[in-house]
Amino acid sequence: MFTSLRGWVRFGLAAACLCAAFGQAVAVEVNPPLRTGTLVIADRVSVTVELARSVQEQVRGLSGRRGLKAGHGMLFVYPRPQPVGIWMKDMRFSLDILWIRDGRIVHIEENAPPLTAVGPERVYTATADFVLEVPAGFSAREKIRV
């Protein structure tokens, strides 16, 4: 097959480039961004939100993502107020989670950490028709309250 070191080096470089390109393509498609909108909280704080409407989008959520930019989040949309449980499976960063019912914030979970292999599994639950996930610290920084 390859009789010289140069042949093996070329083969190795080509394989590494292919793996890197394939890995990036797969990573992009694992959890692609969703359609966006703008949410205004308390008539003063604007957040660009990805809209998670389908059950599949809601289950996937922000899993596997590297993070969220400041001023960005994900809004989970439900047809009516209902108990909504959020868990941090496959998350890579902490979140503030805000439950919204009838246009009002009814519960905030600040700095919810990612699930770890050794940590206890925790489900954060409240009744809402919308749930907003934003980077940890958002609620305190923007003085968002129930």
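## Terms and model

A salt bridge is a side-chain nitrogen of Lys or Arg within 4 Å of a carboxyl oxygen of Asp or Glu. For charge, Lys and Arg count as positive and Asp and Glu as negative, while His and the chain ends are not counted.

The model is predicted: local features need pLDDT of at least 70, side-chain atom pairs count only at pLDDT 80 or more, and totals for chains, interfaces and linings use all residues. Residues are numbered from 1 along each chain as its sequence is written, and side-chain values use heavy atoms, with hydrogens and water left out.

## Confidence

pLDDT is the predictor's confidence in each residue, on a scale from 0 to 100. Its mean over the protein chain is 85, and 80% of the residues reach 70 or more. Over residues 7-29 the pLDDT is below 50, and this stretch has 3 contacts in the model beyond near neighbours in sequence (contact: heavy atoms within 4.5 Å).

## Strand pairing

Strands (E, at least two residues) and helices (H or I, at least four) are DSSP runs numbered from the N terminus; two strands pair if DSSP finds at least two bridges between them. Strand S2 (residues 45-52) runs parallel to strand S3 (residues 72-87), with 5 bridges joining them; threonine 48 stands opposite histidine 72 in S3. S3 also pairs with strand S6 (residues 123-135), in the antiparallel sense and over 10 bridges. Here glycine 85 stands opposite threonine 125 in S6.

Strands S4 (residues 95-101) and S5 (residues 104-112) are antiparallel and joined by 6 bridges. Leucine 95 has alanine 112 in S5 as its bridge partner. The two strands S4 and S5 form a hairpin with 2 residues between them, and aspartate 102 in the turn has a positive phi of about 50°.

Aspartate 96, in strand S4, is buried (under 20% relative accessible area; exposed is over 50%, partly exposed in between; 1.4 Å probe, protein chains only). Aspartate 96 has no salt bridge, and the nearest side chain of opposite charge, arginine 141, is 7.1 Å away. A polar atom of the aspartate 96 side chain lies 2.8 Å from the backbone nitrogen of asparagine 111. The backbone nitrogen of serine 139 also lies 2.8 Å from a polar atom of that side chain.

Serine 139 belongs to helix H3 (residues 138-141) and counts as buried because its relative accessibility is 1%. Not counting residues up to four places away in sequence, serine 139 touches Asp96, Leu98, Ile108, Glu110 and Ile144.

Note on methods
A polar contact is a pair of N or O atoms within 3.5 Å; within protein, one must be able to donate a hydrogen and the other to accept it, and residues adjacent in sequence count only if both atoms are side-chain atoms.
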